[in-house]
Amino acid sequence: MTDNSQSSLILGMKPKTFALATASAVVAATLGYAFYFDHKRRNDPTLRKQMKLERKKVKKAAKAAEEDAKQGKLKLIDQVLEAVAKEPMPATPEAKEKYFMEQVAAGEQLCNAGEAHYNDAVLPFYKALKVYPAPLELIMIYQKTVPEPVFQTVVQLMALEQNKRQTAFYEQFPSKDTHVRLAELPAGKTPEGKPIVRRGLVADEEVKDGQTIYTESPLVSGLHPSLEGEYCNYCLKKLPEEGKVECSNCDKVAFCSAECEKVANENYHRYLCVNNKVIKEGEVDTEDEEKSTPSNNSDKEKAFLEYTKEKNAKYSYMVAKFLSTMVAEEMERTRSGESAENTYNSWDHIDRFRYLDTSANEDTAREIEMLKEMLGSKVQGISEFLTDEIYLMLKGKLLFNAYAVNVGEDIDVPESSEHMRKTSSDKKPVGAALYKISTYIGQSEEKPNVKVVFGDNHDISVVALKDISKDTELVASYSLPVPV
């Protein structure tokens, strides 16, 4: 066939036929080359060696790129942490809100500038996280609104800082003068065979039989409701016949001393006082007014106290005291300008305690409702914070960890359904208390090596029953909320 006839044949083809023919030719040529290359690969040692070297180069380059990216991320994280550590955070709510808005705006602007600025956007977004009152809530917002690379780095920063804070907590607590420390102890295995560990209290030095190892005051304590007016509302000490100190704004509670009244007002009572005493104009100075924060309507506080008496319930009142104390701690920290990075508050302690799972019921629903009504106008954000889950967790921690405070004599108190760690004593419990250190004491009916004792108030002392060697767990005899 001549060239002209070939051209005529091609020109006479339909476009579809020509396309199919061309594609077939390309495929045939490709397959032919593939077969040829495969043959060379199998039989040409020089080519095989060259290909092996190329694969190694590609693998090495990929690994180097991955390592560079990892080192770059670590460098970025270090830079952000260093920058945040050097910059003083705002202290007042107004300053925090302004700072938060500025940092979020800066982060958004950098993200909108493109991927090249993503690393720069991490710092302002993380600064905003540092002052936001609910960090986990903000993280969830970031997940939906911030570019994935920025979000992942912020999460890594948060996790790293939390890990450092967790490690620092156990380095600082308990203090050396208590002669004890918290150690990781074996607690069985998972169904998959992996070891389970728990935090337990161990001797940090040799302890002698009869030695008082440490004494501590509680995180929070609470009287049996029927004993209000007979024992100190703050320290649970028996009130003297004469000289007891009544609350200046209500007739529902009394204290064993002016010091106890002062501490109670500063920590919690100003939020829980029913304020049913008539305060004449001009009789209360400015300082007292700030402490008492009298209210014109005491119905909510009254209803709450009446409920605790009716139910013979300590723990709902103790939860109220604990939440109020948390607020007082935060206010004091803000006033003093102390950084939250270097301090641990009551929540940091209670959050680490084990707890008994409890179910919601009509009583707990009513308790949550009353707490929100009573504290809502006094404690900003309490209604959002005090969820069913948080309240049940706090009650569960009290049920599992609170000790019966045995300082009562000649008292007749109705038996409560609320569990306490009861210990052997010739005195009767007047209430319950929750402790930072003693919560971690192990339980043993057969071989206790320490006992817990009370003086005349809620302070607890731990005394050795025998010689105890260093690193030995401290265990006492007390009742458990569930069968062993």
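Trainee: Which residues of α8 are buried, and how should I read that word?

Mentor: In α8, the buried residues are Cys260, Glu261, Val263, Ala264, Asn265, Tyr268, His269, Arg270, Tyr271 and Leu272, where buried means under 20% relative accessible area, exposed over 50% and partly exposed in between, with a 1.4 Å probe and protein chains only. This is a predicted model, in which local features need pLDDT of at least 70, side-chain atom pairs count only at pLDDT 80 or more, and totals for chains, interfaces and linings use all residues. Residues are numbered from 1 along each chain as its sequence is written, and side-chain values use heavy atoms, leaving out hydrogens and water.

Trainee: How far apart are the end C-alpha atoms of α8?

Mentor: Helices are DSSP runs of H or I with at least four residues, and strands are runs of E with at least two, numbered from the N terminus. Helix α8, residues 258-272, has 15 residues, yet its end C-alpha atoms are only 18 Å apart, short of the 21 Å that a straight helix would reach, the expected span being 1.5 Å times one less than the number of residues.

Trainee: Where is the kink in α8 centred?

Mentor: The kink is centred on Asn265 and is about 70 degrees, the bend being the angle between axes fitted to the seven residues ending there and the seven starting there.

Trainee: What is the strand order in the open sheet?

Mentor: Its 3 strands run in the order β3-β11-β10, with antiparallel pairing, where pairing needs at least two DSSP bridges. β3 (212-216) and β10 (450-454) stand at the edges with a single partner strand each, so one side of each lacks a neighbour in the sheet. Between β10 and β11 (residues 460-464) there are 5 bridges, and Lys451 has Val463 in β11 as its bridge partner.
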